[in-house]
Amino acid sequence: MSKRIDVKDLNVYYGNFLAVEGVNINIEAKSVTAFIGPSGCGKSTFLRTLNRMHEVLPGARVEGEVLLDGDNLYGHGVDPVTVRTQVGMVFQRPNPFPTMSIRDNVLAGVKLNNKKITKGAADALVEKSLRGANLWNEVKDRLEKPGSGLSGGQQQRLCIARAIAVEPQVILMDEPCSALDPISTLAVEDLINELKDEYTVVIVTHNMQQAARVSDKTAFFNIAGTGKPGKLIEFADTTTIFNNPSQKATEDYVSGRFG
Amino acid sequence: MTVTAPVARKRSALTKGQLPAFAPYIVLAVALVLGAAILALIGFNAFGWGLVSAILFTIGLVAWSGAVEGGRKAKDRLATCLVVGSFLVALLPLVSVIWTVLVNGLPGIITPGFLTTSMNGVTGSFDNKSVDDGTKVLGGIYHALIGTVQITLLATVISVPVGLLTAVYLVEYGNDRALARAITFFVDVMTGIPSIVAGLFSAAFFFALVGPGTKTGAVAAVALSVLMIPVVVRSSEEMLKIVPNELREAAYALGVRKWRTIVKVVIPTAISGIASGVTLAIARVIGETAPILVTAGFATTINNNVFGGWMASLPTFIYTQILNPTSPSNPGPSSQRAWGAALVLIILVMLLNLGARLIARIFAPKTGR
């Protein structure tokens, strides 16, 4: 239950502003790929194009192809809603639905789409997803309590449980740990390691140790200057990026001698 | 090594140069006495006493504070006096209105049958008789209560869907397009329409549509909707705007369609604010008199059909009872009924507000562990 992503010559625009230029990348199925790079270089923007969340913003558009197991996400007549059921996303800040209980948050993908589900199947799905997100033991006794009462780290894992409950092929994570403390971060990182057995995971992070810890491959994005488009500088195995990068900019960035 | 015992002092060195906590009360007492004395010279009245005392209190406290505590503290006390004074001034009319309506309205309301009978068949001779013999005042507001509730309910049923859907369009689909900007502009214009104009519009509309002289509760409800819709649009729009975009994105990322996201995530998150906005809109129109007079006419009998025949309402009932007393020679009973109706109207609005708070609490995003 996972698919590979191949991106060909992708340009991302906000209105007339070219934000990310000429990205070519091949992301393997059942792997963890990390995007690193300085702020504003377009990693998150690029990530959002992988499940067509980018176009939610007014004036945003893309040129080029994103192939999910060979099918172009931006092909003619492709419904973004179908894309998003296959490519899930976890955001930077935990955003559980405040009007829903923990259980309803996990079931949100099912319930909001008015899919019929028996109570037994729903219970099983809630337990499976929460176990998958390493949260089951902490919340199993208070599933009917509101999700907003959890701690930040628990909320983020609840959002991950919510994302995997719709059984996507790919999970995108946009700096999932930037609002969390080290212990919650560790829990999420462990979770990412487990998720890659079943899903293709793409994670944006500012924390290079995190990229080194969790990812199989790493992509380094950079920007030439303010107002210039971000570009993919180097994409290779994580060990290569951190130990033996081929580009000077990558080496400067990962060794902290940036700028 | 000697142990120095802490010096026993009455006041801490850290609080030196401050007025004692009871200082304002001393100044207040002095100001009240002085105020009474000054007012006694020019003729005593309670309002003048309060005003003069307040001014004396402010001057006295600020001057004393300036002398003992310095300029910064004195300014602080002056600001406090102004803030509290403004609060009291703002509260005065409210308390006065509630007090007046309570005192004048209670005798009407506790008269048996006031809430359960109409004015059908109640003529001036009954009023004259009740004044002469001191018996209870006949007649009641049942017909007006029915009319107010039905007209307002119908107006709400018309306005809430129109207003809420307009707000949804503006926030979720408008994208600052020309149409959205035009709607915003005209909604703002509609907010300022005088209520009599709304009444005339509705009356003219139904005269043209149904026939001249069409006066029913429904016509009044349409007039009230014209007044309600902009309020509902405005408040719902603000409430929908403050729903965090992250929640919309979270729903989209789960593969939820936009309309489902709006119906199941955005509106539930904002529902408590929308509910209070709707209640405020109802409270705004429930006391309208002029548009109802020109659209629903005035009735003294019970009319349960909002779509046919003239209908009474509480504001028009008050208006006619005061302006054309049932017994011109003895306006007392009419005036008592009018005050009673006013009290009922205020209680209705108060219940609406309480209801809105209840709804807001029930629907509010839940917290707690």
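How many residues of domain 1 of chain B are in contact with residues of domain 2 of chain B? In this predicted model, eight residues of domain 1 of chain B are in contact with eight residues of domain 2 of chain B. On the side of domain 1 of chain B that touches domain 2 of chain B, the residues divide into five nonpolar, three polar and no charged. The domain assignment behind this description places domain 1 of chain B at 20–109 and domain 2 of chain B at 142–363, and the C-alpha centres of these two domains of chain B lie 39 Å apart.

**What the record lists**

For chain A, an unreviewed UniProt entry lists residues 5–248 under "domain: ABC transporter". Over residues 5–248 of chain A the model is 34% helix and 27% strand, and the end C-alpha atoms of the span lie 27 Å apart.

For chain B, an unreviewed UniProt entry lists residues 145–360 under "domain: ABC transmembrane type-1". Residues 145–360 of chain B are 77% helix and 0% strand in the model, with end C-alpha atoms 26 Å apart. UniProt also lists, again from an unreviewed entry, stretches of chain B named "transmembrane region", among them residues 183–210 and residues 338–360. Residues 183–210 of chain B are 86% helix and 0% strand, and their end C-alpha atoms lie 29 Å apart, while residues 338–360 of chain B are 100% helix and 0% strand, with end C-alpha atoms 33 Å apart.

**Where the chains meet**

The contact between the two chains takes 25 residues from chain A and 22 residues from chain B. On the chain A side, helix 2 (80–86), strand 6 (87–90) and helix 4 (108–111) each supply at least two residues, and helix 2 of chain A gives the most, with three residues. By class, the residues of the side of chain A that touches chain B divide into twelve nonpolar, nine polar and four charged.

Two packed helices are described by the angle between their axes and the distance between the axes.

| Helix pair in chain B | Axis distance | Angle |
|---|---|---|
| Helix 5 (residues 142–173) and helix 10 (residues 258–286) | within 10 Å | roughly 140° |
| Helix 8 (residues 217–241) and helix 10 | within 8 Å | roughly 150° |
| Helix 7 (residues 195–209) and helix 8 | 8 Å | about 135° |

The axes of helix 5 of chain B and helix 10 of chain B cross at roughly 140°, and that makes helix 5 of chain B oblique to helix 10 of chain B. Helix 5 of chain B passes helix 10 of chain B in a right-handed crossing. Residues making this contact include Thr148(B), Thr152(B), Ala155(B) and Glu172(B) of helix 5 of chain B, together with Ile262(B), Ile274(B) and Ile286(B) of helix 10 of chain B. The residues of this contact of helix 5 with helix 10 of chain B divide into eleven nonpolar, four polar and one charged.

Helix 10 of chain B also packs with helix 8 of chain B, where the axes cross at roughly 150°, which makes helix 8 of chain B roughly antiparallel to helix 10 of chain B. This crossing of helix 8 with helix 10 of chain B is right-handed. Among the residues that meet here are Leu224(B), Met228(B), Ser235(B) and Leu240(B) in helix 8 of chain B and Val266(B), Gly273(B), Ile274(B) and Arg284(B) in helix 10 of chain B. The contact of helix 8 with helix 10 of chain B has 14 nonpolar, four polar and one charged residues.

Helix 7 of chain B passes helix 8 of chain B in a right-handed crossing. This contact includes Ser195(B), Gly199(B), Phe201(B) and Phe206(B) of helix 7 of chain B and Val219(B), Ala223(B) and Leu227(B) of helix 8 of chain B. By class, the contact of helix 7 with helix 8 of chain B has nine nonpolar, three polar and no charged residues.

Technical notes:
Residues are numbered from 1 along each chain as its sequence is written. Chains are lettered from A and ligands numbered from 1 in the order in which they are written. This is a predicted model: local features need pLDDT of at least 70, side-chain atom pairs count only at pLDDT 80 or more; totals for chains, interfaces and linings use all residues. Axes are lines fitted to C-alpha atoms, for helices over the stretch in contact, and angles run from 0 to 180 degrees between N-to-C directions. Helices (H or I, at least four residues) and strands (E, at least two) are DSSP runs, numbered from the N terminus. Angles under 35 degrees count as roughly parallel, over 145 as roughly antiparallel, 65 to 115 as roughly perpendicular and the rest as oblique. A crossing is left-handed if the near helix is turned anticlockwise from the far one by less than a right angle, and right-handed if clockwise. Two residues are in contact if their C-beta atoms, placed from the backbone, lie within 7 Å. Ala, Val, Leu, Ile, Met, Phe, Trp, Tyr, Cys and Pro count as nonpolar, Asp, Glu, Lys and Arg as charged, and the others, Gly among them, as polar. Domain bounds come from an automatic or database domain assignment. UniProt positions are given in the numbering used here, feature names are shortened, and annotations may be inferred rather than shown by experiment.
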